[in-house]
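Here is a walk through one protein model and its ligand. Keep the sequence and the 3D view side by side as you read.

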Amino acid sequence: MSNDYSALTSPSLLIHGCEMVSAMTNRNSVPTDGPVWTIVLAAGSGRRFGVTPKQYEFLGNDRVIDHSLAVSRAAADHVVVVLAPGQEREGAELVETGAADVAVTGGTERADSVRAALAVIAEDAAVIVVHDAARPLASGELHQAVVAAVHAGADAAIPAIPVTDTIKRIAHDQNGRSVVAETLDRSTLVAVQTPQAFRADILRDAHASSAGATDDAALVEAIGGTVIVIDGESTNIKITGPNDLAIAAILFDALG
Ligand code: CTP
Ligand code: MG
């Protein structure tokens, strides 16, 4: 396997580079220059956001999900959108308008939704990108950069930005109070975003061999894959709480 990441558009940091394990045999025989598929995850219930699912809120003239699909569509050969149960009509419309090639129903956990999408992705897919619909401001360049990193030899490539807050690990004392257990070294920490790109065979292996995680890259790390980190975008926020939509609207206007 090539460890030459010099073709990357951003300085990269190797965060995980273990030897291959048995779950990943033959992976080097699969070329990465074939079709790129992007999974746009929009099957969450947006519990922290509030009453309405955040992916259907408007940002400018289009909904959050429409922005995420449009940028994914421009950077990939095929797009699968994953929607919550009951959103079948919405899925049919997205396919009809060409916003997505396929719409599938997601599962309870984010990883279940990724697996639902993997089940409909063609066998000849070479690179699979996983993107949260809740990150409507990711640029096309960022999508291209993670795919380029996989083409350059990485098993997976993820965008991340430096952590600016001081991060502490906490524990609970016998009275149930939160107490600081440790202050972490911020210089070694990054906050991870989507889109994340994977060799298709490795993402399939990772999901076949593990239960769940909030991030697909963690599953690839668990099977010994090499996950490289490229520069993320500070504007690529995830809409999580109610304030985030207001912040995204300001960023959207600023980005033009
Ligand atoms: N997602 C999904 N299927 C799930 C859970 C999440 O497709 N079972 C998607 C969400 O729609 C979102 C992305 O994964 O685009 C990131 O998840 P998150 O920000 O946690 O969104 P929600 O799970 O919807 O929000 P919450 O955790 O607050 O309920
Ligand atoms: Mg969630």
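Begin at helix α5, residues 200-208, where Ala 200, Ile 202, Leu 203, Asp 205, Ala 206 and His 207 are buried. A residue is buried if 20 or more other C-beta atoms lie within 10 Å of its own, exposed if 12 or fewer, and partly exposed in between, with C-beta atoms placed from the backbone. Helices (H or I, at least four residues) and strands (E, at least two) are DSSP runs, numbered from the N terminus. The buried residues of α5 pack against α3, β7, β8, β12 and α6 (216-222). Two residues are in contact if their C-beta atoms, placed from the backbone, lie within 7 Å.

A word on the source. This is a predicted model, in which local features need pLDDT of at least 70 and side-chain atom pairs count only at pLDDT 80 or more, while totals for chains, interfaces and linings use all residues. Residues are numbered from 1 along each chain as its sequence is written, and chains are lettered from A and ligands numbered from 1 in the order in which they are written.

Now the whole chain. The protein chain has 7 helices and 13 strands. Of its 256 residues, 40% are buried. Take the contacts between residues at least 6 apart in sequence: 70% of them join residues at least 24 apart.

Turn to strand β2. Which strands pair with β2? Strand β7 (residues 127-132) runs parallel to β2 and is joined to it by 6 bridges. Strands pair if DSSP finds at least two bridges between them. Val 40 has His 131 of β7 as its bridge partner. Strand β5 (residues 78-83) is also parallel to β2, again with 6 bridges. There, Trp 37 stands opposite His 78.

Next comes the nonpolar core. The largest one has 65 residues. Such a core is a set of buried Ala, Val, Leu, Ile, Met, Phe, Trp, Tyr and Cys residues joined through C-beta atoms within 7 Å. Ile 39, Val 81, Val 82, Ile 128 and Val 146 have the most contacts inside it. Helix α4 (residues 140-151) supplies the largest share of this core, 7 residues. Look at Val 81 in detail. Beyond its neighbours within four places in sequence, Val 81 contacts Val 40, Ala 42, Leu 69, Gly 91, Leu 94, Ala 100 and Ala 103.

α1 is mostly covered, with 9 of its 12 residues buried.

Where is the ligand held? 23 residues surround ligand 1, and the closest are Ala 43, Gly 44, Arg 47, Arg 48 and Ser 113. A residue is near the ligand if its C-beta atom, placed from the backbone, lies within 6 Å of it. β2 (36-42) and α3 (110-118) each supply at least two residues of this shell. α3 gives the most, with 3 residues. The shell divides into 7 nonpolar, 9 polar and 7 charged residues. Here Ala, Val, Leu, Ile, Met, Phe, Trp, Tyr, Cys and Pro count as nonpolar, Asp, Glu, Lys and Arg as charged, and the others, Gly among them, as polar.

Move on to Pro 195, in the loop between β11 (190-192) and β12 (196-199). A cis peptide bond joins Thr 194 to Pro 195, with omega about 10°. Gln 196 lies in strand β12. It counts as buried because it has 25 C-beta neighbours inside 10 Å. Leaving aside neighbours within four places in sequence, its contacts include Val 146, Ala 156 and Ala 217.

Ala 156 opens the last pairing: its bridge partner in β13 is Val 227. β8 and β13 pair in the parallel sense over 5 bridges. Strand β13 (residues 227-231) is mostly covered, with 4 of its 5 residues buried.
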